[in-house]
Amino acid sequence: MSIEFSSGFAQNLKTAELRQNVKITLTALAHSAVEISLLCARGPLDTAFGALAGSENADGDSQKALDVLTDEIITAALKTVPVAYYASEEQDDLITLDTSKPLAVASDPLDGSSNIDTNVSIGTIFSIFEAKESAHASFFRPGTEQLVGGFFVYGPQTSLVITTGNGTELYVLDRADNRFKLAIAKMNIVEQAKEYAINASNFQHWTSPTRAYIEECQMGKNGALGEKQNMRWIGSLVADANRILMRGGIFLYPQDDRKGYELGRLRLLYEAAPVAFIIEQAGGLATDGTNRILDKKLETLHERIPFVFGSKNQVNRVKHHHDIKT
Ligand code: AHG
Ligand code: MN
Ligand code: MN
């Protein structure tokens with residue numbers, strides 16, 4: 001298995017050694033992704049597939065067997081490449097692998113766990129940093145310091161969306177020769193589309209700016225937007241993000257008044273920051289409703305952040321509603 005990197009891949013990274021270490025690490029993650037995609041493809045044929053593992057992660061989310069298994073697969077892979085530290089949604093604390101190595105990796109090993117049993121696309125999200133003098137220092141920093149943001153999608157295609165800060169690329173796994181091949185060299189999000197993604201069942205819990213924006217979307221032609229809008233909500237961040245990269249639109253997981261959702265649901269380190277990096281490099285915006293996600297410095301390992309991203313004009317419209325509210 002290999003990735004056929006584009007000729008200019010990671011050329012913006014400062015040294016040839018760093019580029020090589022990133023490529024080695026990405027190839028190991030891609031190996032893991034192929035193994036995970038095969039587990040997803042077998043689904044209920046493997047008894048432990050979607051069953052609850054009986055444990056909980058740091059966020060109190062009950063862990064599905066596949067959540068735990070994918071984390072084990074990725075941890076084993078990272079032990080073979082130049083990675084010093086690992087941060088995972090499925091691990092309470094930071095993991096030290098080898099302090100002599102130059103990189104640090106954060107991951108949501110399985111994104112969209114609620115969809116495991118339903119044959120809906122799920123994925124793996126990851127972020128790569130240069131390792132610093134400690135595990136803490138390597139991750140507790142703003143998302144602007146990421147070297148790489150990426151996610152795999154296990155769906156009809158097994159694909160890899162990735163950026164090193166020099167545009168966003170799409171690779172698709174060719175199972176004929178087990179190689180990830182470049183499908184789109186420069187993904188581009190249109191500035192304005194007519195599609196929004198939000199879990200509308202939380203309407204009663206939203207703040208007034210979120211309600212105001214979603215009501216505009218629902219009013220469509222008869223409201224301020226002046227055009228009929230469409231709605232999608234897949235329940236897998238990677239699948240919603242992939243759709244927005246392909247045809248534009250906006251995704252919102254805002255804060256709401258449910259206990260534990262004061263900062264929304266998505267985690268900054270291994271969900272919002274890598275996806276925000278990808279979205280910005282494809283010409284979109286990614287905010288907490290008002291402020292840029294990538295500027296936010298991590299304060300606690302599993303901290304959540306309200307997450308709004310996608311087509312520039314639509315994300316700015318959400319900011320407008322926050323601004324006029326204050
Ligand atoms: P994870 O499975 O890693 O916990 O992520 C699930 C996230 C994200 O993928 C998705 O957008 C969101 O949870 C869906 O949340 P709701 O189930 O509240 O709609
Ligand atoms: Mn997730
Ligand atoms: Mn997860």
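These legends accompany several close-up views of one predicted model.

In this predicted model, local features need pLDDT of at least 70 and side-chain atom pairs count only at pLDDT 80 or more, while totals for chains, interfaces and linings use all residues. Residues are numbered from 1 along each chain as its sequence is written, chains are lettered from A and ligands numbered from 1 in the order in which they are written, and side-chain values use heavy atoms, with hydrogens and water left out.

**View 1. The manganese ion (ligand 3) and its donor residues.** Glu89 (OE), Asp108 (OD) and Leu110 (O) coordinate the manganese ion (ligand 3) at 2.1 to 2.2 Å, where donors are N, O and S atoms within 2.8 Å of the metal (3.2 Å for Na, K and Ca), and because water is not among the atoms, sites may look incomplete. Along the sequence, the spacing of these donor residues is E-x18-D-x1-L.

**View 2. The largest cavity and its lining.** A cavity is a set of points, on a 1 Å grid over the protein atoms alone, where a 1.4 Å probe fits but cannot get out, and lining residues have an atom within 4 Å of a point. The count comes to 1 cavity of 30 Å³ or more, and about 50 Å³ of space lies in the largest cavity, a volume being the space filled by probe spheres set on the points, which are joined across faces, edges and corners. Its lining includes Phe129, Arg141, Leu268 and Lys296, and helix α6 (residues 268-281) gives the largest share, 3 residues. The lining divides into 7 nonpolar, 1 polar and 2 charged residues, and at least three residues are drawn from each of domain 1 (2-184) and domain 2 (195-325).

**View 3. Helix α5 and the residue that follows.** Of the 11 residues in helix α5 (residues 237-247), 9 are buried, so the helix is mostly covered. Among the buried residues are Leu237, Asp240, Arg243 and Leu245. Just after α5, Gly248 takes a positive phi of about 80°.

**View 4. An open sheet of 5 strands.** The strand order is β13-β12-β14-β16-β15, with mixed pairing, and two strands pair if DSSP finds at least two bridges between them. At the edges stand β13 (230-231) and β15 (285-287), each with a single partner strand, so one side of each has no neighbour in the sheet. Strands β12 (residues 195-197) and β14 (residues 250-253) pair in the parallel sense over 2 bridges, and the bridge partner of Tyr196 in β14 is Ile250.

**View 5. Ala10 and Asn119, two residues with positive phi.** Ala10, in the loop between β1 (2-3) and α1 (16-42), has a positive phi of about 65° although it is not a glycine, and at 2% relative accessibility it counts as buried. Asn119, in the loop between β6 and β7 (122-130), is likewise not a glycine and has a positive phi of about 60°, but Asn119 is exposed, with a relative accessible area of 77%.

How values were computed: 1 Å grid on protein atoms, 1.4 Å probe; cavity = no way out; pocket = protein on both sides within 12 Å on 5 of 7 lines; lining within 4 Å. Helix = DSSP H or I, 4+ residues; strand = E, 2+ residues; numbered from the N terminus. Nonpolar A, V, L, I, M, F, W, Y, C, P; charged D, E, K, R; others polar. Domains from an automatic or database assignment. Buried < 20%, exposed > 50% of the residue type's maximum accessible area, 1.4 Å probe, protein only.
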